[in-house]
Amino acid sequence: MPDSMPDTKQLIENVVEIVNVTKRFGDFTAVNNISLNIKRGEIFGLLGPNGAGKTTTINMILTLLVPTSGKIFIEGLENTKNHEKVKGMLGLMTQETVVEPELTARENLELFAKLYHIPTGKIDDKVNGALDEAELMEFADKKAGTFSGGMQRRLELVKSMIQDPKIIVLDEPTTGLDIQNRTKMWANIKRLSKTGITIIMTTQYLEEADVLCDRIAIIDHGKIRALGTASELKRLVSEGRILEIIVEPRYADQAAHILKAEFKLDAKVNSDKVTAIVKEATAMKDLSKIADEMHERRIPMLSIGMHLPTLDDVFIKLTGAGMRDTPGEQKGRMDRMRFGRR
């Protein structure tokens with residue numbers, strides 16, 4: 001039903017419905033007739049290169065941009081016609097950490113609670129609960145500007161949750177964090193998802209999407225290129241395994257030639273790495289034969305192994321390796337920054 005509200009059965013399952021949505025900036029089409037749904041309570045990943053259309057899509061969900069055509073429903077409400085109601089259902093954690101450095105953690109949360117018109121009598125409980133969730137209670141009266149990057153990101157996360165949104169958008173939530181703080185943030189996000197909140201996230205770390213997301217959409221040039229679970233997306237690359245041989249760069253072409261000529265594999269060279277897809281049924285037997293052949297041909301291998309396809313493999317196959325920016329996405333990014341600083 002492209003031009004009407006989703007039916008009752010859909011509403012039970014889906015909290016977001018994007019129906020035939022296009023967004024143009026002048027002659028540039030940032031989002032090109034996409035349709036997808038986001039299920040209630042899931043962690044949904046929206047991935048794509050710079051300029052792919054993901055930021056524009058997020059901004060349309062947040063009602064910061066109006067679609068050129070098509071409709072977006074949040075809890076059955078068309079978001080552009082129910083701006084205030086929809087906005088109250090949404091939380092946003094921006095890529096840029098937006099905390100007031102001269103205010104304490106408690107004051108940052110109190111300020112945001114007041115901006116969201118939370119009744120005065122409920123603010124203390126809300127703030128204390130948020131501080132506890134962020135593991136910042138002992139730092140509640142310390143200025144946020146003195147916090148580490150990880151502490152500020154945790155404060156940013158609970159700040160975006162202060163009004164109890166039904167949906168939260170996490171825009172690259174772990175960018176700039178070390179592995180310890182990133183892992184802690186992953187645990188926080190998983191814990192949030194268990195409360196029934198719907199999480200929409202973007203990330204530049206594909207392993208993060210693999211670990212966290214129930215389903216993932218890959219967008220490029222304004223179109224949805226693939227949609228499914230991580231396992232379903234990986235099967236787009238191959239049902240087999242990926243052979244990976246690392247050699248000195250001067251031997252790479254020779255190693256690839258051996259794989260093509262002797263084993264009929266479609267080998268590819270990337271600097272010192274030679275890769276090919278091997279059938280699952282014969283993978284281990286082929287690995288032994290290939291290793292023996294390389295040894296006989298005196299190809300000095302630094303390593304040889306096989307692995308299942310990763311999201312990196314899927315991403316590169318569907319979008320290529322280039323990073324791109326577009327005027328529309330740059331505008332969307334500025335809109336997002338303004339929203340985060342309201």
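On a 1 Å grid over the protein atoms alone, a pocket is an open set of points where a 1.4 Å probe fits, with protein on both sides within 12 Å along at least five of seven lines; lining residues have an atom within 4 Å of a point. This is a predicted model: local features need pLDDT of at least 70, side-chain atom pairs count only at pLDDT 80 or more, and totals for chains, interfaces and linings use all residues. Residues are numbered from 1 along each chain as its sequence is written, and side-chain values use heavy atoms, without hydrogens or water.

**Largest pocket**
- The largest pocket has a volume of about 610 Å³, taken as the space filled by probe spheres set on the points, which are joined across faces, edges and corners.
- Of its 16 lining residues, Ile242, Lys268, Thr275, Asp313 and Ile316 are the closest to the centre.

**Open sheet**
- 6 strands run in the order β6-β7-β8-β3-β9-β10, with mixed pairing; strands (E, at least two residues) and helices (H or I, at least four) are DSSP runs numbered from the N terminus.
- β6 (90-93) and β10 (223-228) stand at the edges, each with a single partner strand, so one side of each has no neighbour in the sheet.
- Parallel strands β7 (167-171) and β8 (198-202) are joined by 5 bridges; pairing takes at least two DSSP bridges.
- Aspartate 171 sits opposite threonine 202 in β8.

**Asparagine 108**
- This residue lies in helix α4 (105-115).
- Asparagine 108 counts as buried because its relative accessibility is 3%; buried means under 20% relative accessible area (1.4 Å probe, protein chains only).
- Beyond neighbours within four places in sequence, asparagine 108 contacts (heavy atoms within 4.5 Å) Val99, Glu100, Leu103, Ala144 and Leu155.

Methods: Buried < 20%, exposed > 50% of the residue type's maximum accessible area, 1.4 Å probe, protein only.
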